[in-house]
Every structure is written in structure tokens, then in C-alpha cells.
Amino acid sequence: MEIDVYALKRKIAEKNTTMEGLAVFLGMDRSTLYRKLRDGGGGVTVHEAHLIASFLELSFEETIGIFWRRRGNTPRKKGTAENTLSSPF
């Protein structure tokens, strides 16, 4: 799983919370959360992604866009064929 860390941080700010607040919710130290998000978020588990989405009240589309973007791809403009969502399962 490769996470759009910048989009995640924007959502955290929009919800008027902090990385530390999210870490407390997840039951981990802030430094652990930062480590898990480093280098594209490969250290975040599916369960943790679900908890983060719940905490931030993300929509399905936001959750997929943040947590299941394709490796090496940057988000594309709406309407392009490459922007079609597919199930991560």
C-alpha cells in the first residue's frame, strides 16, 4: 500500500487535529506514526488505514484516493481513464 501522505496530512489539518492526536487515537507514539508514514506509508497496515479513515471521517472515495493509490502514479485529473478506481481486493 502506498499512501498519499500529503493528502492525509491535509485531511488531518482540515479536521483540526494533529499527527499527535491521530497517533494517540491509534494507540501509538507520534514517532511511530511518522515512521510508518515515511517513504510512502508502507508501514501502515490495512487495519490502521481503516482506523485512520474512521477517525478522519473520510468518504470511501477519499479513503481509496489516500490509501490505495497506484505505486509511482500521481493523482490525475478527473475524467481520465487512468483515474478509474478499482477495488484493492
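**Salt bridges, helix faces and the nonpolar core**

With a relative accessibility of 52%, Glu14 counts as exposed; here, buried stands for under 20% relative accessible area, exposed for over 50%, and partly exposed for the range in between, computed with a 1.4 Å probe on protein chains only. The model is a predicted one, in which local features need pLDDT of at least 70 and side-chain atom pairs count only at pLDDT 80 or more, while totals for chains, interfaces and linings use all residues. Residues are numbered from 1 along each chain as its sequence is written, and side-chain values use heavy atoms, with hydrogens and water left out.

A salt bridge is counted when a side-chain nitrogen of Lys or Arg comes within 4 Å of a carboxyl oxygen of Asp or Glu. The side chain of Glu14 meets that of Lys11 in such a bridge, at 3.1 Å from N to O. Both residues belong to helix α1, three residues apart, or about one turn of the helix. Helices here are DSSP runs of H or I with at least four residues, strands are runs of E with at least two, and both are numbered from the N terminus. In general, an α-helix has 3.6 residues a turn, so residues three or four places apart point the same way.

Lys11 itself is buried, with a relative accessible area of 18%. A further salt bridge joins Lys11 to Glu62, whose closest N and O atoms are 2.6 Å apart. Because Lys11 lies in helix α1 and Glu62 in helix α5, this pair ties together parts that are 51 residues apart in sequence. Glu62 is partly exposed, with a relative accessible area of 27%. Leaving aside neighbours within four places in sequence, Lys11 is in contact (heavy atoms within 4.5 Å) with Leu56, Leu58, Glu62 and Ile66.

Another salt bridge brings together the side chains of Glu48 and Lys36, at 3.2 Å from N to O. Glu48 sits in helix α4 and Lys36 in helix α3, twelve residues apart, and the pair links distant parts of the chain. Both partners are buried: Glu48 has a relative accessible area of 14%, and Lys36 has a relative accessibility of 15%.

In α3, the buried residues are Leu33, Lys36, Leu37, Gly40 and Gly41. They cover an arc of only 90° around the axis, so they sit on the same side of α3; the arc is taken over the directions from the helix axis to the C-beta atoms. On the face turned away from this buried side, α3 carries the exposed residues Arg38 and Asp39. The buried residues of α3 pack against α1, α2 and α4. Between its end C-alpha atoms, α3 spans only 14 Å, whereas a straight helix of twelve residues would span 16 Å at 1.5 Å a residue, the expected span being 1.5 Å times one less than the number of residues.

The buried residues of α4 are Glu48, Ala49, Ile52 and Ala53. Viewed down the axis of α4, they fall within an arc of 140° and so line one face of the helix. The exposed residues His47 and His50 are carried on the face turned away from the buried side. Packing partners of the buried residues of α4 are α1, α2, α3 and α5. Just after α4, Glu57 takes a positive phi of about 55°.

Leu26, in helix α2, is buried, with a relative accessible area of 15%. The C-alpha atoms of Leu26 and Glu48 are 7.4 Å apart, although 22 residues separate the two along the chain. Apart from neighbours within four places in sequence, Leu26 is in contact with Leu33, Glu48, Leu51 and Ile52. Thr63, found in helix α5 (residues 60–67), is buried at a relative accessible area of 13%. With neighbours within four places in sequence again left aside, Thr63 is in contact with Ala53, Leu58 and Trp68.

The largest nonpolar core has 20 residues, of which Ile3, Leu8, Leu33, Leu37, Ile52, Ile66 and Phe67 touch the most other members. Two or more residues of this core come from each of α1 (5–14), α2 (19–26), α3 (30–41), α4 (46–55) and α5. A nonpolar core is a set of buried Ala, Val, Leu, Ile, Met, Phe, Trp, Tyr and Cys residues joined through side-chain atoms within 4.5 Å.
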